[in-house]
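Today I am opening the notebook on how two parts of one chain meet.

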Amino acid sequence: MINFEHVYFTYSPKSPIEFEALNDVSLTIKDGSFTCLVGKTGCGKSTLIQQLNGLLFPTKGKVIVDNFVISSIKKERTKKLQPLRKHLGIVFQFSENQLFEESVEEDVAFGPMNFGIKKEEAIKIAHESLKKVGIGEEYFKKSPFELSGGEKRRVSIAGILALEPKILVLDEPTAGLDPKGSKEMLSLFKKLNESGTTIILVSHDMDIVFEYASDVIVLCDGKVSYVGKPSDLFLDDVSKYSLETPMLAKVVQKLVSKGYSLNLDKIHNLESLVEELKEVKHG
């Protein structure tokens with residue numbers, strides 16, 4: 001479980017450009033959940049996820065990630081940043097820009113080797129991780145710089161999966177991908193979640209959030225405005241959060257207004273809506 005306890009974060013404190021990015025954030029992210037973090041640009045999403053593995057430390061308050069503590073108090077700050085970063089992996093937006101090794105397999109094997117795994121075993125782990133993200137054997141020996149943008153994205157994600165994190169944080173992981181590639185990546189994250197990995201996904205795409213999230217957190221100007229189920233969020237007025245209503249949620253709203261009694265918790269995509277309509281009667 002992840003707990004934020006009265007977390008504040010200020011950039012450039014005591015300077016003319018001081019900016020408070022997080023303001024008294026207290027929330028819980030449940031173990032095993034698929035939690036989506038949403039909000040308009042500049043609301044604090046990226047700052048919040050960087051608190052999770054000690055890339056940033058709170059100005060005030062603390063973040064507890066299972067047995068790790070990231071605190072504003074220096075003596076309480078975790079000295080176990082390396083194991084924390086294995087336990088919780090972050091895939092940043094356009095993470096493909098961080099590729100640097102001579103071959104795809106070496107790039108993915110770098111993380112495991114950095115944690116003490118011998119090269120031969122690390123290469124095996126790299127191959128397994130690459131296959132998970134849809135990168136075939138014919139790419140293993142290639143330079144990552146010869147790949148397409150979407151392929152590079154997959155390799156960078158494989159590099160995090162190679163560490164077998166218990167918690168996976170994804171910052172706009174489908175940005176720039178075509179619809180097919182986006183669908184394949186989201187299906188992978190769903191499978192990882194179903195196998196026990198906690199997923200925290202930052203997204204501006206509310207259709208993705210409605211379909212995949214078990215829980216949603218909305219940030220507004222560095223503060224938590226909403227924590228709960230996507231059905232409760234999107235079947236209300238989301239304009240107050242500067243969010244768009246997903247297309248499917250609009251359809252569901254229309255059906256409910258016409259007298260259909262639907263179990264909203266069961267509806268996440270078109271297929272589940274069809275199944276739910278088979279079970280209900282028009283009121």
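Before anything else, I noted my rule for a salt bridge: a side-chain nitrogen of Lys or Arg within 4 Å of a carboxyl oxygen of Asp or Glu. By that rule I found Asp-265 in a salt bridge with Lys-229, the closest N and O atoms being 3.0 Å apart. The count between domain 1 and domain 2 is 1 salt bridge.

A note on ground rules: this is a predicted model, where local features need pLDDT of at least 70, side-chain atom pairs count only at pLDDT 80 or more, and totals for chains, interfaces and linings use all residues. Residues are numbered from 1 along each chain as its sequence is written, and side-chain values use heavy atoms, with hydrogens and water left out.

Next I looked up the domains, whose bounds come from an automatic or database domain assignment. Domain 1 covers 32–44 + 79–241, and domain 2 covers 246–283. I read 30 Å between their centres, taken over C-alpha atoms. To the contact (heavy atoms within 4.5 Å), domain 1 brings 9 residues and domain 2 brings 11.

Then I checked the buried area, meaning the accessible area (1.4 Å probe) that two parts lose on being put together, summed over both. Between the domains it is about 920 Å², and carbon and sulfur atoms give 59% of that. On the domain 1 side, I wrote down Phe-210, Glu-211 and Leu-235, which supply 58% of the area that domain 1 buries against domain 2, more than any other three residues.
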